[in-house]
Amino acid sequence: MDENNQLFTLAQALADPLRLVVLQHLMEGPATVSELQSLTGESQSKVSNHLAVLRERGLVRATREGRQMVYTLRDASVGQLVESLTVVAGMVPGKLWKSPQIIAARTCYDHLVGRYGVALFEALLVQGAIKEPAEMRGEVEVGPMGTEIFGRIGLDLPALRRERRRFAFACPDWTERRPHLGGTLGATLWAMFVERGWVVKQQGTRAIIVTDVGKQQLQAQFGVQVAEDKV
């Protein structure tokens with residue numbers, strides 16, 4: 001296929017309103033078909049068909065997580081493309097996410113995303129709980145203080161490593177342009193936050209509420225701080 005045909009097929013993939021909406025949602029983080037179905041209000045078969053087109057055009061990729069397929073943007077260039085289209089249309093890219101809560105804290109499949117997610121990742125780096133990854137989406141290793149920091153909140157790192165899923169990786173956050181923590185470690189922390197009431201899910205949206213207790217504990221346990229005027 002020559003370059004002109006490649007551009008034409010890419011333009012065709014982006015021309016459908018639903019496919020563009022799907023890409024915009026994936027800029028907020030990875031999602032399953034059922035999550036995208038809920039977010040778009042379309043049927044599962046329709047969402048699946050459009051995802052197949054986006055995969056064929058190289059705009060998204062899919063990874064199996066347990067029994068489900070999780071979809072993500074192929075790389076940062078796709079996010080930049082969607083943002084560029086937004087600018088050409090006369091919109092502000094940040095307006096794609098109308099809710100300040102979406103930007104502050106939301107779910108990314110099963111881990112914490114947004115300003116709180118990025119702040120957690122950076123705090124874990126500063127405290128030596130994790131090591132700096134070599135690249136975006138790269139593997140994240142436990143740092144010299146990791147056993148102590150994760151151990152004091154009850155995480156069994158050797159047990160987490162035995163899971164079939166990737167242990168930990170730097171998952172890109174499109175709104176913050178920095179990584180948050182993905183993989184088994186990120187998912188386990190998220191589940192713990194929910195169980196302890198540090199975060200509260202909101203029905204029908206990825207946005208979550210970080211409770212007052214959650215803010216206190218995230219700072220006390222990990223050194224996480226998010227300025228209130230940013231939320």
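The legends below describe close-up views of a predicted model.

**View 1. The largest nonpolar core has 35 residues.**
Within this core, the residues with the most contacts are F150, L185, L189, F193, F222 and V224. At least two core residues come from each of α7 (114-127), α8 (146-151), α9 (157-161), α10 (183-195), β9 (208-210) and α11 (212-222). The biggest share, six residues, is given by α7. In soluble globular proteins, nonpolar side chains tend to be buried together.

**View 2. F193 and the residues that it touches.**
F193 belongs to the residues with the most contacts inside the largest nonpolar core. Leaving aside residues up to four places away in sequence, F193 touches L112, L120, W198, V199, L218 and F222. Another core, of 19 residues, lies apart from the largest one. Its members include L26, V60, Y71 and V82.

**View 3. Helices α2 and α4 pack against each other.**
Helix α2 covers residues 17-26 and helix α4 covers residues 44-56. Their axes are 10 Å apart and meet at an angle of about 80 degrees. An angle from 65 to 115 degrees counts as roughly perpendicular, so α2 is roughly perpendicular to α4. On the α2 side, the contact is made by L18, R19, V22 and L23. On the α4 side, K46, H50, L51, V53 and L54 make the contact. Sorted by class, the contact of α2 with α4 has six nonpolar, one polar and two charged residues.

**View 4. An open sheet of three strands, in the order β1-β3-β2.**
The pairing in this sheet is antiparallel. β1 (31-32) and β2 (60-65) are the edge strands, and each pairs on one side only. β1 is joined to β3 by two bridges, and T32 stands opposite V70 in β3. Strands of a sheet pair through backbone hydrogen bonds, either parallel or antiparallel.

**View 5. The hairpin of β2 and β3.**
Strand β3 spans residues 68-73 and pairs with β2 in the antiparallel sense over six bridges. The bridge partner of R61 is T72 in β3. Two residues lie between the strands, and G66 in the turn has a positive phi of about 70 degrees.

**View 6. Helices α2 and α4 lying across strands of the sheet.**
Helix α2 lies across β1, β2 and β3, and runs at about 90 degrees to β3. Helix α4 lies across β2 and β3, and its angle to β2 is about 115 degrees.

**View 7. Strand β6 is mostly covered.**
The strand runs over residues 169-173, and five of its five residues are buried. F169, C171 and D173 point one way from β6, while A170 and P172 point the other way. In a regular strand the side chains alternate between the two faces of the sheet. β6 pairs with strand β7 (residues 178-182) in the antiparallel sense over five bridges. One of these pairs D173 with R178 in β7.

**View 8. R162 in the loop between α9 and β6.**
The relative accessibility of R162 is 64%. Exposed means over 50%, so R162 counts as exposed. R162 and T184 are 22 residues apart in sequence, and their C-alpha atoms are 9.8 Å apart in space.

Notes. Residues are numbered from 1 along each chain as its sequence is written. Side-chain values use heavy atoms; hydrogens and water are left out. A nonpolar core is a set of buried Ala, Val, Leu, Ile, Met, Phe, Trp, Tyr and Cys residues joined through side-chain atoms within 4.5 Å. Buried means under 20% relative accessible area, exposed over 50%, partly exposed in between (1.4 Å probe, protein chains only). Helices (H or I, at least four residues) and strands (E, at least two) are DSSP runs, numbered from the N terminus. Contact means heavy atoms within 4.5 Å. Axes are lines fitted to C-alpha atoms, for helices over the stretch in contact, and angles run from 0 to 180 degrees between N-to-C directions. Angles under 35 degrees count as roughly parallel, over 145 as roughly antiparallel, 65 to 115 as roughly perpendicular and the rest as oblique. Ala, Val, Leu, Ile, Met, Phe, Trp, Tyr, Cys and Pro count as nonpolar, Asp, Glu, Lys and Arg as charged, and the others, Gly among them, as polar. Two strands pair if DSSP finds at least two bridges between them.
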